[in-house]
Amino acid sequence: MLALPAFADNYIWMFHDGVEAAVVDPGDCAPVLDALDRLGLRLGAILVTHHHQDHVGGLLGLRARFDVPIYAPALESMPVVSTPLKGGDAVIAVGLRFEVIDVSGHTRGHIAYFHGERQRGQAPLLFCGDTLFSAGCGRLFEGTPQQMHHSLQLLAGLPGDTRVCCAHEYTLSNLKFARAVEPQSAALVAYTDWCQEQRAAGLPTLPARIDTESAVNPFMRCTEPAVIDAAGSTAVTAKIRWLYSRPFGNGKTTFNDASAIHPHSAPWARLHAEPVGVVGGLWLRHAHGRTAKRIFHPGDRRPADGTGRQRQH
Ligand SMILES: [Zn+2]
């Protein structure tokens, strides 16, 4: 499996069997075509999680070259003819069967793809687009806090060793916010160290793991007393207010590295401002040693850090 860098901080995930490949959320066709050529693969299928341009921008270019099925959420419009999917459906891509999970919140019809069968010792696989990021979650463009919370609960219930393939490299930025929420967390310190080493080596921090997220991601830890307490703390609410005060202008919010805080904290704040009741289950698990083999092709260049760029997702 490959994480193909695109734009400032997107990853286009590609998986293959040595002959045929599938890609997830090709916002740009160039990195996909380059990887197919480089590895001598043919494209077999395209999976799309939601309609944002940085996830669908390459569809027309790929469709022009390959007559392959394009799977996409039924509730969202796509720039090309696609096979509509909703939660409970299943698709097969490159021989792998994926269950479709409805994960609305970031957008109205956002879906995720989950492959749960363990073949040759491989951990389960999740493509979750802009719903779950490592140590964070997607902004609420179209959905409600309740929807996002429900979606994250669904993902938290997946096996702990599930490889979580998010669409953006936001981890270090997210961790700044997570550490403001839970400054005492040893799991956050250890995970931050590991992620910094990865980035320093030019490697992605992804795929993440569900059990790690359950230990470090404040949006997955809404029933933890420390997280609930932090939601009322002056420091955290001040930062959240600051986030809300960012200009929206054309509907997009701009961010930069000086923000030191994560844009995706907004839904988290609202989750607590609008009580969602006691949600069942605590998914806190110990952050296991991250032994999963990192999946990144050595030929892939290091993604840019996006400093000063508009961050829309
Ligand atoms: Zn998006």
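Helices (H or I, at least four residues) and strands (E, at least two) are DSSP runs, numbered from the N terminus. Keep that in mind for every label I use today.

This is a predicted model: local features need pLDDT of at least 70, side-chain atom pairs count only at pLDDT 80 or more, and totals for chains, interfaces and linings use all residues. Residue numbers start from 1 along each chain, as its sequence is written.

Confidence comes next. pLDDT is the predictor's confidence in each residue, from 0 to 100. The chain has a mean pLDDT of 78, and 73% of its residues reach 70 or more. Where does pLDDT stay under 50? Over residues 239-312, for which the model has 109 contacts beyond four places in sequence. A contact means that the C-beta atoms of two residues, placed from the backbone, lie within 7 Å.

Now the overall picture. The chain has 10 helices and 14 strands. Take the contacts between residues at least 6 apart in sequence: 66% of them join residues at least 24 apart. Of the 313 residues, 46% count as buried. Buried means that 20 or more other C-beta atoms lie within 10 Å of the residue's own; exposed means 12 or fewer, and partly exposed is in between, with C-beta atoms placed from the backbone.

On to the sheets. Two strands pair if DSSP finds at least two bridges between them.

Look at β1. β1 and β2 run antiparallel, joined by 5 bridges. Ala3 stands opposite Trp13 in β2.

Between those two strands sits Phe7. The hairpin of β1 and β2 has 3 residues between the strands, and Phe7 takes a positive phi near 50° there. Most residues other than glycine have a negative phi, and most peptide bonds are trans. Phe7 is not a glycine, yet its phi is positive. Phe7 has 20 C-beta neighbours inside 10 Å, so it counts as buried.

Asp25 is not a glycine either, and its positive phi is about 55°. Look for Asp25 in the loop between β3 and α1. Why does Asp25 count as buried? Because it has 27 C-beta neighbours inside 10 Å.

Follow the chain into helix α1 (residues 30-39). Ile46 stands opposite Ile70 in β5.

Next, the core. A nonpolar core is a set of buried Ala, Val, Leu, Ile, Met, Phe, Trp, Tyr and Cys residues joined through C-beta atoms within 7 Å. The largest one has 74 residues, and those with the most contacts inside it include Trp13, Met14, Ile46 and Ala112. What does Met14 touch, not counting residues up to four places away in sequence? Met1, Leu2, Leu4, Ala21, Val23, Val32 and Ala35.

There is a second open sheet. Its 6 strands have the order β7-β8-β9-β10-β13-β14, with mixed pairing. β7 (90-93) and β14 (208-209) stand at the edges with a single partner strand each, so one side of each lacks a neighbour in the sheet. Inside it, β8 (residues 96-102) and β9 (residues 111-115) run antiparallel, joined by 4 bridges. Ile101 has Ala112 in β9 as its bridge partner.

Two last stops. In helix α5 (residues 171-181), 8 of the 11 residues are buried, so the helix is largely enclosed by the rest of the structure. Among them are Leu175, Phe177 and Val181. Finally, a cis peptide bond joins Leu206 and Pro207, with omega at about 0°. Pro207 is in the loop between α6 (186-200) and β14.
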